[in-house]
Amino acid sequence: MTPNFMKIPMSSPDLTDADRQAVIDVINTPILSLGPKVVEFEMAFCDYTGAKHAIAVNSGTAGLHLCIRAAGIGAGDLVITTPFSFVASTNALLFENAIPVFVDVDPKTGNIDPEQAADAARNVEKYLPRKVDIRNSHSEYPVSNIDWHSRLKAVLPVDVFGQPAKLDKINAIAQEHGLKVIEDSCEALGATYQGRQAGRYGDYGVFAFYPNKQMTTGEGGLIITDDDEAAGLMRALRNQGRAPGDTWLSHTYLGYNYRLDEMSAALGLAQLHRLDDMLLKREKVAGWYSERLGEIPQIEIPHISPETTRMSWFVYVIRLPQNVDRAALAKRLEARGVPIRPYFLPIHLQPYMVERFGYREGDFPVTEDLGRRGVAVPFSGVMIEEQVDYVCAALREELR
Ligand SMILES: *Cc1c(COP(=O)(O)O)cnc(C)c1O
């Protein structure tokens with residue numbers, strides 16, 4: 001019997017008593033940081049992904065930042081990426097005063113459009129932001145004298161909503177132009193593209209473990225790479241710049257405290273052991289949604305590309321028709337205990353981005369269209385079918 005009022009959370013972590021016990025076991029020891037659990041967690045991640053190195057950090061954002069440092073990307077350097085993402089993928093560039101070279105996305109998936117990425121790699125000047133401030137760069141030259149092409153260093157694709165970007169094409173572009181690839185797989189742990197794991201395509205792949213992700217450590221993130229030198233540098237940078245041989249108070253590099261603590265690592269380890277099971281539960285919930293929402297004419301359900309051999313469901317994002325007042329709909333649904341969220345709000349239109357780079361509405365029409373029409377519905381692996389029924393019925397009625 002479906003209750004006539006349910007309050008449904010936007011997302012929920014999938015936690016068992018064994019997961020909780022793993023955390024308690026660590027708290028019962030004196031070693032709460034820089035201990036064996038992080039090492040074990042990293043080794044388990046190497047096993048799961050087949051990567052040579054795994055570097056655990058305390059957020060996905062920190063992981064992206066370390067990749068930017070390891071790739072040698074600095075002030076005034078250029079990186080091709082997209083504005084249809086969570087802000088962290090662009091912010092990691094801004095932390096080093098690098099400049100995002102935005103290209104628009106595929107209207108079906110929201111992932112980077114490889115044609116535009118290829119064009120940007122050939123003609124990067126054409127894709128520069130309207131306003132480029134290089135005061136913080138090492139160069140003192142006027143903007144007109146800059147050889148922008150030589151400053152193009154990397155491409156940063158995002159595997160949006162758990163679906164891998166067209167990674168073979170991105171890698172080919174990178175190879176042709178001598179660019180590094182930093183794969184933001186923070187939403188796509190466990191997904192595969194043409195049978196190969198997301199996060200394994202680029203020079204570096206980054207995952208994130210905030211509580212709404214497919215698996216959680218509370219806060220946390222992790223980088224995978226096959227590059228020995230980069231892995232060593234990232235390990236030093238996450239630990240205040242201490243290189244092997246440095247003492248607690250000697251620091252070879254300018255570093256950060258991006259360490260993951262032992263309790264979080266223990267939770268991550270327990271979660272990783274159940275990951276495939278948790279992904280199956282999420283897939284089942286997504287299936288319930290697709291069955292029901294696919295029948296509502298105004299709703300466009302997620303598009304899965306044929307190259308996506310395994311979707312790792314992070315969120316369930318539908319698209320509404322242009323004429324639906326999304327804010328008003330959200331209000332009516334909220335009153336029925338059903339939260340929805342606009343997803344994503346374009347990065348280039350965030351106030352600090354407009355101020356810094358002079359972006360305007362209309363600069364990335366596909367990103368903006370998806371941003372206006374996209375709505376995430378409540379989603380997690382622990383949702384039951386009655387809850388999905390309730391959300392879908394509410395949506396159907398409120399759209400009528
Ligand atoms: C979650 C996420 C991140 C990292 O987020 P943190 O909160 O720092 O762990 C980065 N990029 C994308 C696309 C994400 O969804």
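Analyst: A salt bridge is counted here when a side-chain nitrogen of Lys or Arg lies within 4 Å of a carboxyl oxygen of Asp or Glu. The model is predicted, so local features need pLDDT of at least 70 and side-chain atom pairs count only at pLDDT 80 or more, whereas totals for chains, interfaces and linings use all residues. Residues are numbered from 1 along each chain as its sequence is written, and side-chain values use heavy atoms, with hydrogens and water left out.

The domain assignment, which is automatic or taken from a database, divides the protein chain into domain 1 (17-273) and domain 2 (275-398). Their C-alpha centres are 25 Å apart. To the contact (heavy atoms within 4.5 Å), domain 1 contributes 48 residues and domain 2 contributes 41 residues.

Together the two domains bury about 4000 Å², with 57% of it on carbon and sulfur atoms; buried area is the accessible area (1.4 Å probe) lost when two parts are put together, summed over both. Of the area that domain 1 buries against domain 2, R130, F161 and Q214 supply 19%, more than any other three residues.

R130 also forms a salt bridge with D363 through their side chains, at 2.9 Å from N to O. Across the interface of domain 1 and domain 2, two salt bridges are found.

By class, the side of domain 1 that touches domain 2 has 22 nonpolar, 18 polar and eight charged residues. Here Ala, Val, Leu, Ile, Met, Phe, Trp, Tyr, Cys and Pro count as nonpolar, Asp, Glu, Lys and Arg as charged, and the others, Gly among them, as polar.
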